[in-house]
Every structure is written in C-alpha cells, then in structure tokens.
Amino acid sequence: MQSSQDNIYATALDKVADFVFDDRVAGVFSDMIKRSVPGYAQIVAGIGDFAAQFATPNSTLYDLGCSLGASTLSMRRHIAERSCNIVAVDNSQAMIERCSEHLSAYVSDTPVELVCADIRDIEINNASLVVLNFTLQFLPPEDRDTLLKKIYQGLLPGGALILSEKLRFADAVIQQVIDAQHLDFKRANGYSELEISQKRSAIENVMKTDTLEIHQQRFAQAGFQHHNVWFQCFNFASMVAVK
C-alpha cells in the first residue's frame, strides 16, 4: 500500500490533541517516519542482518510494536532458517491491517503471526530475537523495566534484543545542540515550523525518552551482561543486548 504524504499538522489547530496511532497516522506513517527519524532505513536493514545472525532453528522472533511491519519484513527476508516463525504485535488495529497488506505482498516461507494487543500482555517464549523499534518510549516509564525483564526471561541463551529509541541527554548543552540538528533534519525534509511545533506538542505527553545511561542500567537490571549501541544518528539510537 502506498503511503500518503504526512500533512497531519500542516494546518493550524485550535487544540493539539495527544498523538495517537490511528488510521490517519497509519496512512502516512511511512512518510512520517522517513522524514522524522534519521537513520531509520539503516536501522531496519540492520535488524534484518541481526535476524540472519541470531535466528536459530525452531525459534520465534518477535517484533513488538510492529506498526506497518518494516522490521518484520526485514527479518523475514533475511532469515535462512525455515523452521522459525515471527510474532508481530501492535495495539493499533489500523497499523495491524496495513501491516497485513504489506506482508501479503511478499512471498516467504517464514510464517508471521499478527497480533493486535498491548505488548505488555504478550508472553515471550523460545525467542532468538526480540525487536523493540521505537516502541519502549511510548510505554509508561514504570512499565519499561518489567517488559525488558520479561523479554530477557523469554530469550534463548545467546538470543538478542534490538532496542531502538529516541534519546535525551543529561547534559543540557548537548541536548540543545543535538536537538537543533534533528530539527534541521526535519526542515530539510520539508516540514514547516508549524508542523514541527504542533507535532512536538502532540507527542510530548505520549513519548517520554530516556538517557542512554538509563537504558544501560535497565539492560543490566534485566539480566543482560552484554549490551551496547550499534547505531546512532543525532538523538536516535539502536542498541543490541545479548543474553
């Protein structure tokens, strides 16, 4: 399905409501993410490479917060082991429906189970790879430790978690410098000052970002002894943790 151009915030709104992954957002999500998240394509491609590396026979790979299925598709294209399966989860029915259409456009021997549910309610079992691609930041902060511990427990020995997140920085000067770079990235991709301002207002109560140090602490508390950043562009990073 072709994504439309994101112009959701192009017109001045009397009141900017909290950001929701509804049908309107699902329809423009590919364009929105491409123009808003630097390095997104590289991260998705890398997730496919990690799937090729970590997928083991008869195991399950999870895409938690799958949205339109970019990470799911990338994993499915790179898995050589035919006995694997993928579970892709999102709590937005609009995203799940569009994800199903995207997946059906590509023939593959790797089955994908699409689940419309809260990722906090999903059991993680026999997992060789779990992906949280810009998903954890939308959960209440108090639920993030619990989810990572559940993922760790559900991973097979030698399995991996890929966690991509927008970062905040404890150093206020660095935060300002890198935030300015990200805003310039959005402007270069055609977003107006009005769109940038209204989108920020819509998302500020919905997405609460963490510092890299908090992520590192959370990995350690969950049980991961091996974890590090494998990709970063401005304030967007993807991390790998191995059980």
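Let's start with a pair of neighbours: strand E1 (residues 60-64) and strand E4 (residues 127-133) run parallel and are joined by four bridges. This is a predicted model, in which local features need pLDDT of at least 70 and side-chain atom pairs count only at pLDDT 80 or more, while totals for chains, interfaces and linings use all residues. Residues are numbered from 1 along each chain as its sequence is written, and side-chain values use heavy atoms, with hydrogens and water left out.

**The sheet**
- Helices (H or I, at least four residues) and strands (E, at least two) are DSSP runs, numbered from the N terminus.
- Seven strands form an open sheet in the order E3-E2-E1-E4-E5-E7-E6, and their pairing is mixed; two strands pair if DSSP finds at least two bridges between them.
- Strand E3 (112-116) and strand E6 (226-233) are the edge strands, each pairing on one side only.
- From one strand to the next, the twist averages 15°; axes are lines fitted to C-alpha atoms, for helices over the stretch in contact, and angles run from 0 to 180 degrees between N-to-C directions.
- Tyr62 stands opposite Val130 in E4.
- Helix H3 (residues 70-78) packs on the sheet and touches E1, strand E2 (85-90), E3 and E4, where contact means heavy atoms within 4.5 Å.
- The direction of H3 makes about 160° with that of E1.

**The largest pocket**
- On a 1 Å grid over the protein atoms alone, a pocket is an open set of points with protein on both sides within 12 Å along at least five of seven lines, a cavity is a set where a 1.4 Å probe fits but cannot get out, and lining residues have an atom within 4 Å of a point.
- The largest pocket holds about 990 Å³ of space; grid points are joined across faces, edges and corners, and a volume is the space filled by probe spheres set on the points.
- It is lined by 46 residues, and the closest to its centre are Phe21, Gln137, Phe138, Ile203 and Met207.
- Helix H6 (172-188) is among the helices that supply at least two lining residues, and H6 gives the largest share, five residues.
- The lining divides into 24 nonpolar, eleven polar and eleven charged residues; Ala, Val, Leu, Ile, Met, Phe, Trp, Tyr, Cys and Pro count as nonpolar, Asp, Glu, Lys and Arg as charged, and the others, Gly among them, as polar.

- Over residues 63-159, the chain is 36% helix and 26% strand.
- The unreviewed entry also places a "binding site" at Tyr40, Gly65, Cys66, Ser67, Asp90, Asn91, Asp118, Ile119, Asn133 and Arg200.
- These residues spread over 161 residues of sequence and up to 24.6 Å between C-alpha atoms.
- Members of this set in the lining of the largest pocket include Tyr40, Cys66, Asp90 and Arg200.
- Cys66 sits in the loop between E1 and H3.

**Other spaces**
- The second largest pocket has a volume of about 280 Å³, and the closest lining residues to its centre are Ser30, Gly69, Ala70, Leu73 and His102.
- There are three cavities of 30 Å³ or more, and the largest cavity holds about 80 Å³ of space.
- Helix H7 (193-203) gives the largest share of the lining of the largest cavity, three residues.

Terms used:
UniProt positions renumbered as here; feature names shortened; annotations may be inferred.
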